[in-house]
Structures are given as structure tokens and as C-alpha cells.
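Reader: Here is a structure I would like to go through term by term. Please tell me what each label rests on.

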Amino acid sequence: MGAEEPTRPCVLLVEDDVETQRFMGVLLGRRYEVLLASSGNELRQLLESDGGRVRLVLMDLSLKGGEDGLELTRALRQHDRWKSIPIIAVTAHAFPSDRANALNAGYDAYVEKPIDNVRLLRLVERVVNPS
């Protein structure tokens, strides 16, 4: 019997743009298990079935469909099981009011697109593996 492979921390990316999904998957995939959701329904399904593995949610503010990231974040913050999962906004919305709205909705941090890869990776590491 061989040694078991160490489990990588699980990060859930909520993003409806396929190119951004690919980019973030490559960027984060070496250190983290990355789950992808493109909508609120997919987000909920993954959280319901993840067995508590998700350590962080990275979520865009703008999503196609019925709910945007602000609405989804507010909903997660109201849910007993998910309210303590850290959520980081990763978005092209760059106005100060966008940042304020995101933080007021319950996001823990805010990262603007285009993404500074090093900054994002450091932030994710601090959130997933606090010292």
C-alpha cells in the first residue's frame, strides 16, 4: 500500500465566464482543489454536496441568470451552514462604490480584474491557511 496523497484545500470559484474559469483553474489548481459554479443554483448544489470541504469562495459580482454575486453572498451569510465560509469578490467592477457594496453584502475581501496573480494567491493562502 502506498502513502495517501495529501488533500489539497478546496476553493469554490463562482464565475460564469469560461475564459476566467480556465485562467483561475490554472492559477489556483496547483495548490488547491478548484470547484466551479456558474450560477447560484450550481453554487448551492456544490455546497450541499461538498461535505464541508470548501474553505473559500471566490465569486464575481456579475453573474448571468437570476442572481448576482451580491445577492448570493447575502444569501450565504444568512445560511447557518455556510455563513462562516470566507468569500472574496473577484470582479471587473472597480469603482469605490462597487467595493463598498461588496463588503457591505458580506464579502470578506475584494480583488479587481485584471487580476494581480501574486496578490490573489497570497490572499487565498492567508484565508485558506491562516497562521
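**Salt bridges and sheet**

Author: The whole structure holds 9 salt bridges. The model is predicted, with pLDDT of at least 70 needed for local features and pLDDT 80 or more for side-chain atom pairs, while totals for chains, interfaces and linings use all residues. Residues are numbered from 1 along each chain as its sequence is written, and side-chain values use heavy atoms, leaving out hydrogens and water.

Reader: Why is the contact of lysine 113 with glutamate 15 called a salt bridge?

Author: A salt bridge is a side-chain nitrogen of Lys or Arg within 4 Å of a carboxyl oxygen of Asp or Glu. For lysine 113 and glutamate 15 the N to O distance is 3.0 Å, so the pair meets that definition. Lysine 113 is in the loop between E5 and helix H5 (117–128), and glutamate 15 is in the loop between E1 and helix H1 (18–29), so the bridge ties together parts 98 residues apart in sequence. Helices (H or I, at least four residues) and strands (E, at least two) are DSSP runs, numbered from the N terminus. A network of salt bridges links Glu15, Asp60 and Lys113.

Reader: What makes glutamate 15 buried?

Author: Buried means under 20% relative accessible area, exposed means over 50%, and partly exposed is in between (1.4 Å probe, protein chains only). Glutamate 15 has 2% relative accessibility, so it counts as buried. Lysine 113, at 22%, counts as partly exposed.

Reader: What about arginine 31 and glutamate 125?

Author: Their side chains meet in a salt bridge at 3.6 Å, N to O. This pair links distant parts of the chain, with arginine 31 in the loop between H1 and E2 and glutamate 125 in helix H5, 94 residues apart. Glutamate 125 is partly exposed, at 23%.

Reader: Which strands stand at the edges of the sheet, and why?

Author: The open sheet has 5 strands in the order E2-E1-E3-E4-E5, with parallel pairing. Strand E2 (33–37) and strand E5 (109–112) each have a single partner strand, so one side of each lacks a neighbour in the sheet.

Reader: How do you know that E1 and E2 pair?

Author: Two strands pair if DSSP finds at least two bridges between them. Strand E1 (residues 10–14) is joined to E2 by 5 bridges, and the two run parallel. One of the partners in E2 is valine 34, for valine 11. Strand E3 (residues 54–59) pairs with E4 over 3 bridges, and E4 pairs with E5 over 4.

Reader: What makes strand E4 enclosed?

Author: In strand E4 (residues 87–91), 5 of the 5 residues are buried, so the strand is largely enclosed by the rest of the structure. Ile87, Ala89 and Thr91 point one way, and Ile88 and Val90 the other way.

Reader: Why is the unit of E4, H4 and E5 called right-handed?

Author: A crossover is right-handed if, with the strands pointing away from the viewer, the path from the first strand over the helix to the second runs clockwise. E4, H4 and E5 make a right-handed β-α-β unit.
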